[in-house]
Amino acid sequence: QMQLVESGGGMAQTGGSLRLSCVASGYVHGGYSAYTGSWYRQVPGKERVLVAFIASGSGGLTEYADFAQGRFTISRDNGQKTIYLQMNGLSVEDTAVYYCKVSLRAKDYWGQGTQVTVSP
């Protein structure tokens with residue numbers, strides 16, 4: 001069973017940057033590069049929303065939520081079984097718990113989440 005562990009969250013000031021990492025461990029059926037990767041975020045009382053998506057393989061295809069476009073970059077390192085989210089130009093509205101997800105054939109694996117708090 002694959003497990004995901006996020007890291008890199010914490011405190012940042014408005015305009016600052018953070019880099020989130022999502023590392024997979026355990027048995028990875030089919031090879032890690034076969035999985036798509038996504039980052040979501042959630043604030044209390046609201047639904048979890050998609051932030052960014054990266055395709056399987058080398059990750060040449062990426063997609064972003066409107067609020068993330070131009071500020072956030074998703075990437076992957078299949079050798080390290082890691083999905084990254086580089087977040088620049090942070091604002092207080094980016095404060096949330098960020099979750100990574102990897103998926104293969106409708107099977108989803110989620111991490112436990114990492115808190116990002118942006119101060120004015």
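**Close-up views of a predicted model**

**View 1. The disulfide of Cys22 and Cys100.** The link between Cys22 and Cys100 is right-handed, with 55° about the S-S bond. In this predicted model, the two sulfur atoms lie 2.0 Å apart, and the structure holds one disulfide. Because Cys22 belongs to strand S3 (residues 18-25) and Cys100 to strand S9 (residues 96-104), the pair ties together parts that are 78 residues apart in sequence. Cys22 has a relative accessibility of 0% and therefore counts as buried. Cys100 is likewise buried, its relative accessible area being 1%.

**View 2. The open sheet that contains strand S3.** Four strands form an open sheet in the order S1-S3-S8-S7, with antiparallel pairing. Strand S1 (3-7) and strand S7 (72-77) are the edge strands, as each pairs on one side only. On average, neighbouring strands of this sheet are turned by 15° against each other, direction ignored. Strands of a sheet pair through backbone hydrogen bonds, in either a parallel or an antiparallel manner. Between S1 and S3 the antiparallel pairing extends over five bridges. Within this region, Gln3 stands opposite Ser25 in S3.

View 3. The model contains two salt bridges. In one of them, the side chains of Arg41 and Asp94 meet at 2.8 Å, N to O. This pair links distant parts of the chain, with Arg41 in strand S4 (residues 36-42) and Asp94 in the loop between strand S8 (82-87) and S9, 53 residues apart. Arg41 and Asp94 are both buried. A salt bridge also joins the side chains of Asp94 and Arg71, at 2.7 Å, N to O. Here too distant parts of the chain are linked: Arg71 lies in the loop between strand S6 (62-64) and S7, 23 residues from Asp94 in the loop between S8 and S9. With a relative accessibility of 1%, Asp94 counts as buried, whereas Arg71, at 22%, counts as partly exposed. Through shared partners, the salt bridges join Arg41, Arg71 and Asp94 into one network.

View 4. Thr114 is located in strand S11 (residues 114-119). Its relative accessibility is 10%, so Thr114 counts as buried, the cut-off for this class being under 20%. A polar atom of the Thr114 side chain lies 3.3 Å from the backbone nitrogen of Gly9. When neighbours within four places in sequence are left aside, Thr114 is in contact with Glu6, Ser7, Gly8, Gly9, Leu20, Ala96, Val97 and Tyr98.

Technical notes. Residues numbered from 1 in each chain as written. Predicted model: local features only at pLDDT ≥ 70, side-chain atom pairs only at ≥ 80, totals over all residues. Heavy atoms only, no water. Helix = DSSP H or I, 4+ residues; strand = E, 2+ residues; numbered from the N terminus. Buried < 20%, exposed > 50% of the residue type's maximum accessible area, 1.4 Å probe, protein only. Polar contact = N/O pair within 3.5 Å; in protein donor to acceptor, adjacent residues only side chain to side chain. Contact = heavy atoms within 4.5 Å. Disulfide = S-S within 2.5 Å. Pairing = 2+ DSSP bridges. Axes fitted to C-alpha atoms, helices over the stretch in contact; angles between N-to-C directions. Salt bridge = Lys/Arg side-chain N within 4 Å of Asp/Glu carboxyl O.
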